Amino acid sequence: MITSVTLNPQRVIDELDALRALTGNENGAQRVAWTPTWATARDWYKAKLAELPVETHQDAAGNLWATLAGTTEKALIIGGHLDSVPNGGWLDGCLNVLAGLEVLRRIAAQGEPPVTVRLVDWADEEGARFGHSLFGSSAVAGMLDTASAAELRDRDGIRLQDALRAYDVDLHNAPAAAKELHNAAAYLELHIEQGPVLEGLGLPLGAVIGCVGVERHSIKFTGQAAHAGSTPMHQRRDALGAAAKLALAIREIAKRHGGVCTCGRITLQPNIPTAVVGECEITLDQRHLHAATLATMLAEAQAASAQFAQEEHVTVAWSRIWGIEPIPFHPDLIDLCAAAIHETCGQTHRLPSGPLHDAAAVSRAGVPTVMLFVQSLRGLSHAKEEDTQLDHIAQSVIALDKLADKTMQWIATRG
Ligand SMILES: [Zn+2]
């Protein structure tokens with residue numbers, strides 16, 4: 001039982017080590033959602049929750065909730081995900097849960113909190129097996145499309161809805177999990193940065209101002225395949241020529257607007273050394289925190305593609321693959337997060353998140369949200385090399401704890 005009211009960041013590090021030993025191997029973490037190893041991680045975690053004065057249940061979408069009743073039903077929610085990608089790192093997702101657990105222990109030890117405090121372990125954040133990221137948080141946020149999810153299968157042909165049944169989740173009933181946000185007043189999530197920005201600045205922690213929006217398109221240039229020997233240079237309709245110009249131009253567009261643009265895939269026809277390229281398809285992925293700037297970046301890329309198509313005597317056609325609006329976090333909570341970080345390590349920084357997180361789904365559902373990033377070494381994640389300095393992990397637990405206190409006060413005084 002609880003013997004101390006002080007936060008113990010070292011316990012979080014010890015528990016991360018224990019979880020790694022229990023659910024990882026020489027290739028990294030193996031806690032893929034809806035698999036026995038994931039269930040093992042959850043059973044281990046539930047045993048820890050059982051030592052606390054909390055109500056625990058799994059919701060209709062498979063998320064695991066622990067609730068510490070407070071003076072009011074208005075709830076501060078802290079979240080993370082125990083699931084990992086195959087051969088994943090030892091911190092992605094589970095640091096958030098275990099740091100939240102330590103904060104919950106500290107709050108519980110001090111008696112009834114001013115607001116209700118809830119810790120959630122989201123189900124299937126990674127989408128590693130069925131390709132549906134943010135499964136549990138999307139359901140809670142009312143954004144799960146059960147009809148299209150029902151069609152999903154894993155590599156072995158097993159349907160998502162059949163895999164879920166083994167974990168007491170009925171896919172068609174999963175949207176009922178939305179009721180969990182009924183009393184939600186704020187949502188906090190600690191996460192490793194998974195990028196190189198904080199390390200480059202020499203800072204342990206950063207306040208996340210939001211998740212960037214994404215525009216992802218396929219762009220097809222069509223010219224004329226022709227003999228590499230007999231076709232004079234000025235008579236070519238080289239689809240690759242136009243695509244190559246665009247692949248370079250998008251980098252300048254990104255730099256000009258402070259966003260990121262990536263040409264990640266290219267396919268060619270006929271794709272042989274002795275023919276001018278007749279067809280070339282490239283992908284474009286653009287990201288920015290501000291919707292208007294993202295729209296400008298897209299418009300500039302489209303104008304550039306039209307210009308290059310004309311220069312190379314080819315045609316160009318765009319089709320949208322996927323996109324999402326930017327998701328800005330709550331300004332008050334960003335300020336509280338920056339203050340908590342400053343109190344912890346004397347300096348702070350505000351940055352956007354390139355990856356999407358469960359926090360994005362909760363924020364889109366209208367719950368005031370903020371995330372706290374801790375530095376990632378070499379920016380590596382989703383790999384067994386993923387790592388963070390131990391003193392930075394400890395500081396992240398302390399900062400999350402301070403942020404939880406500030407946020408409880410913020411909720412209580414908002415009326
Ligand atoms: Zn994660």
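1. Let me start with Thr 35, which sits in the loop between strand E2 (28-29) and helix H2 (36-49); helices (H or I, at least four residues) and strands (E, at least two) are DSSP runs, numbered from the N terminus. At 17% relative accessibility, Thr 35 counts as buried, where buried means under 20% relative accessible area, exposed over 50% and partly exposed in between (1.4 Å probe, protein chains only). Not counting residues up to four places away in sequence, Thr 35 touches Gln 30, Arg 129 and Tyr 167; contact means heavy atoms within 4.5 Å.

2. A word on ground rules. This is a predicted model, in which local features need pLDDT of at least 70 and side-chain atom pairs count only at pLDDT 80 or more, while totals for chains, interfaces and linings use all residues. Residues are numbered from 1 along each chain as its sequence is written, and side-chain values use heavy atoms, with hydrogens and water left out.

3. On the overall fold: the protein chain has 12 helices and 18 strands. Its radius of gyration is 24 Å, close to the 22 Å that the globule rule gives for 415 residues, so the chain is as compact as a globular protein of that length. For the record, the radius is taken over C-alpha atoms, and the rule is 2.2 Å times the number of residues to the power 0.38. Along the principal axes, the C-alpha atoms fill a box of roughly 85 × 50 × 40 Å.

4. Packing and surface next. Of the 415 residues in the protein chain, 54% are buried. Take the contacts between residues at least 6 apart in sequence: 79% of them join residues at least 24 apart. The accessible surface comes to about 17400 Å², and 52% of that belongs to carbon and sulfur atoms; areas come from the Shrake-Rupley method with a 1.4 Å probe, and for residues only the protein chains shown count as cover.

5. If you're setting up charges, the protein chain has 34 positive and 48 negative side chains, with the centres of the two sets 4 Å apart. Lys and Arg count as positive and Asp and Glu as negative, with His and the chain ends not counted. Each charge is placed at NZ of Lys, CZ of Arg, CG of Asp or CD of Glu.

6. Asp 92 and His 191 are both buried.

7. Gly 62 is in the loop between strand E3 (55-58) and strand E4 (64-68), and it is buried at 0% relative accessibility. Its C-alpha atom is 8.6 Å from that of Asp 124, 62 residues away along the chain. Leaving aside neighbours within four places in sequence, Gly 62 is in contact with Trp 34, Arg 42, Ala 123 and Val 169.

8. Is Arg 118 buried or exposed? Arg 118 is buried, with a relative accessible area of 10%, and its place is in strand E6 (residues 115-121). Beyond its neighbours within four places in sequence, Arg 118 has contacts that include His 57, Trp 65, Ile 77 and Glu 180.

9. Some backbone details to look at. The peptide bond from Gln 269 to Pro 270 is cis, with omega near 0°, and Pro 270 lies in the loop between strand E12 (266-269) and strand E13 (275-276). Asn 271, found in the loop between E12 and E13, has a positive phi of about 65° although it is not a glycine, and it is exposed at 54% relative accessible area. Leu 134 also isn't a glycine, yet has a positive phi of about 55°; this residue is buried, with a relative accessible area of 9%, in the loop between E6 and helix H4 (135-140).

10. Last, Thr 344 in helix H10 (residues 331-345). Thr 344 counts as buried at 18% relative accessibility. Residues up to four places away in sequence aside, Thr 344 touches Leu 205, Gln 395, Ile 398, Ala 399 and Lys 402.
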